[in-house]
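Hello,

Here is the structure I said I would pass on. My notes on it follow below.

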Amino acid sequence: MKKALIFGITGQDGSYLAEMLLEKGYEVTGVTRRVSVNTTERISHILHKINIVEGDITDGFNVMRIIEDFKPDEVYSLAAQSHVGTSFSQPNLTWDVTAGGVLNILEAIRHSDRCFDMRFYQASTSELFGKNYDETENGEKFQNEKTQFMPQSPYAVAKMAAHNMVRIYREGYGMHASSGILFNHESERRGEDFVTRKITKWIGGFIGFKEALRREYNLKIFKTEFSEDKIVFKCGVTNQVLSSYPKLRLGNLDASRDWGHAKDYVRAMWMMLQRTDPDDYVIATGEAHTIREFLDAAFCKIDILDWSHCVVIDPEFYRPAEVEYLRGDRTKATDILGWEPEISFKELAFRMVDHDVKTQRLQRSNLQKISTNSSKTRQVHMSDVQEKGKESLAQCPPYNEVEFG
Ligand code: NAP
Ligand code: G4F
């Protein structure tokens with residue numbers, strides 16, 4: 001039985017990778033940090049099938065001991081401070097974890113008696129390209145393994161250091177060390193402060209809120225109005241203000257990303273380690289979409305075609321330096337690994353919305369939780385509605401989605 005060691009098993013990718021390796025018959029060990037709250041939500045369904053060891057990649061001795069004790073065949077280095085925005089406010093931490101942590105793992109492998117029995121995967125990133133791209137003869141922009149790196153954030157600089165370390169350890173010490181230059185990949189398990197999940201979480205919350213409001217007031221139709229930062233719900237019959245929901249606050253909507261599904265991407269990680277020769281590969285769908293296009297797809301799933309009323313542009317979410325355009329050319333991965341993505345951009349957005357709507361519906365099923373108004377205000381509104389008589393409300397047309405306007 002092959003043994004895999006995953007640093008970052010509690011993250012989005014770690015959880016999908018662990019599932020996939022278990023299906024392939026691996027013995028899986030995951031490294032988790034000591035934290036005051038439970039972070040194993042994404043792997044709760046497989047916890048009984050895997051080993052968990054406590055560790056932090058910034059502690060070199062700790063990493064060395066884990067590798068010596070567990071004796072893995074494959075080591076996946078997925079742990080990182082992975083949020084680009086946060087790397088501007090916490091550059092030192094980002095450097096220590098995202099660059100230094102990887103060096104600790106590489107050193108632990110290099111000094112092990114089993115150095116050449118282990119294969120190592122590093123989670124590199126399309127952020128390495130930053131500002132830079134190449135162009136086809138038709139003027140289409142793309143990035144591949146030959147595109148020069150021009151990082152735009154402390155996160156990307158840390159990842160570039162790690163990427164170069166992996167190459168040096170491969171070429172200098174002959175280690176089986178590969179880097180996947182993965183373009184953005186998302187999923188139902190994506191961290192909630194990345195833009196795609198932030199959008200689909202908001203949609204889930206919004207739908208759950210509307211449905212709970214409808215149940216609470218026994219209403220079939222709402223009218224909505226839009227203030228600067230809120231969506232105000234009114235009774236379709238009496239025009240009474242019932243409640244309000246905060247708008248979705250986002251930063252730059254014009255950047256383009258090459259978005260795939262994480263499940264497809266962890267397959268590529270494993271494929272790299274099955275090759276006799278270690279190497280670096282770009283993993284991407286080859287399609288670029290703006291944040292606006294993701295909003296189009298996600299809101300379309302709930303039949304809202306004009307989402308502009310629901311979104312506020314907030315300078316807080318702009319970055320000091322932005323990566324404007326990422327579109328990967330995966331030719332090498334397809335030719336050598338035989339890797340292709342299976343989940344399309346639209347399916348990705350729909351799956352994420354479906355998941356978040358379902359989750360929020362469950363959470364909102366308790367009527368008491370619904371209103372952002374105080375309970376006192378809600379009672380006043382309730383009694384107003386009741387005074388008007390439930391009969392008149394019952395004459396409302398059947399409920400569809402919220403009617404805007
Ligand atoms: P993620 O959800 O943010 O997961 C990061 C993981 O790293 C978590 O398990 C986290 O543990 C762990 N971690 C953070 N600091 C640690 C430390 N000091 N010691 C040990 N573990 C630590 O990230 P992801 O989306 O799964 O991405 C996986 C990797 O791929 C990351 O390295 C990321 O930078 C890289 N990457 C991601 C993408 C993408 O689009 N998703 C694209 C390219 C590259 P806690 O649960 O305790 O926080
Ligand atoms: O979802 P994001 O935070 O992802 P970003 O910066 O592309 O980084 C992700 O992908 C990288 C691979 O290219 C990984 F290496 C990295 O670990 C991470 O997984 O932001 C995407 C875009 C950016 O242009 C950002 O400025 O969305 C824009 N954006 C607009 N409003 C926002 C927001 N991003 C976030 N997080 N939050 C916003 O409100």
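Asparagine 239 counts as exposed because it has 9 C-beta neighbours inside 10 Å (a residue is buried with 20 or more other C-beta atoms within 10 Å of its own, exposed with 12 or fewer, and partly exposed in between; C-beta atoms are placed from the backbone). Asparagine 239 sits in the loop between β11 (230-235) and β12 (241-246); helices (H or I, at least four residues) and strands (E, at least two) are DSSP runs, numbered from the N terminus. Its phi is positive, about 65 degrees, although asparagine 239 is not a glycine. Most residues other than glycine have a negative phi.

Lysine 71 also has a positive phi, of about 50 degrees, and is not a glycine. Lysine 71 lies in the loop between α2 (60-70) and β4 (74-77). With 14 other C-beta atoms within 10 Å, lysine 71 is partly exposed.

This is a predicted model, in which local features need pLDDT of at least 70 and side-chain atom pairs count only at pLDDT 80 or more, while totals for chains, interfaces and linings use all residues. Residues are numbered from 1 along each chain as its sequence is written, and chains are lettered from A and ligands numbered from 1 in the order in which they are written.

The mean pLDDT (the predictor's confidence in each residue, from 0 to 100) of the chain is 91, and 90% of its residues reach 70 or more. Over residues 366-405 the pLDDT is below 50, yet beyond near neighbours in sequence this stretch has 53 contacts in the model (two residues are in contact if their C-beta atoms, placed from the backbone, lie within 7 Å). Where pLDDT is low, the predicted coordinates should not be read in detail.

The chain has twelve helices and 19 strands, and 44% of its 405 residues count as buried. Of the contacts between residues at least 6 apart in sequence, 76% join residues at least 24 apart.

The largest nonpolar core has 68 residues, and Ile6, Tyr76, Ile105, Ile109 and Ile283 have the most contacts inside it (a nonpolar core is a set of buried Ala, Val, Leu, Ile, Met, Phe, Trp, Tyr and Cys residues joined through C-beta atoms within 7 Å). Helix α5 (residues 154-173) gives the largest share of this core, nine residues. A second, separate core of 33 residues includes Val195, Ile203, Phe233 and Val353. Apart from neighbours within four places in sequence, isoleucine 109 touches Ile67, Val75, Cys115, Met118, Phe120 and Met175, all by the contact criterion.

The end C-alpha atoms of α5 are 28 Å apart, in agreement with the 28 Å that its 20 residues should span at 1.5 Å a residue (the expected span is 1.5 Å times one less than the number of residues). Glycine 174, with a positive phi near 75 degrees, follows α5.

Now the ligands. Ligand 1 is surrounded by 26 residues, the closest being Gly11, Ala79, Ala80, Ser82 and Ala123 (near means a C-beta atom, placed from the backbone, within 6 Å). α1 gives the most to this shell, with three residues. Around ligand 2 there are 22 residues, of which Val84, Thr125, Phe194, Gly251 and Ala255 come nearest. The elements giving two or more residues to the ligand 2 shell are α3 (84-89) and α6 (195-217).

Regards
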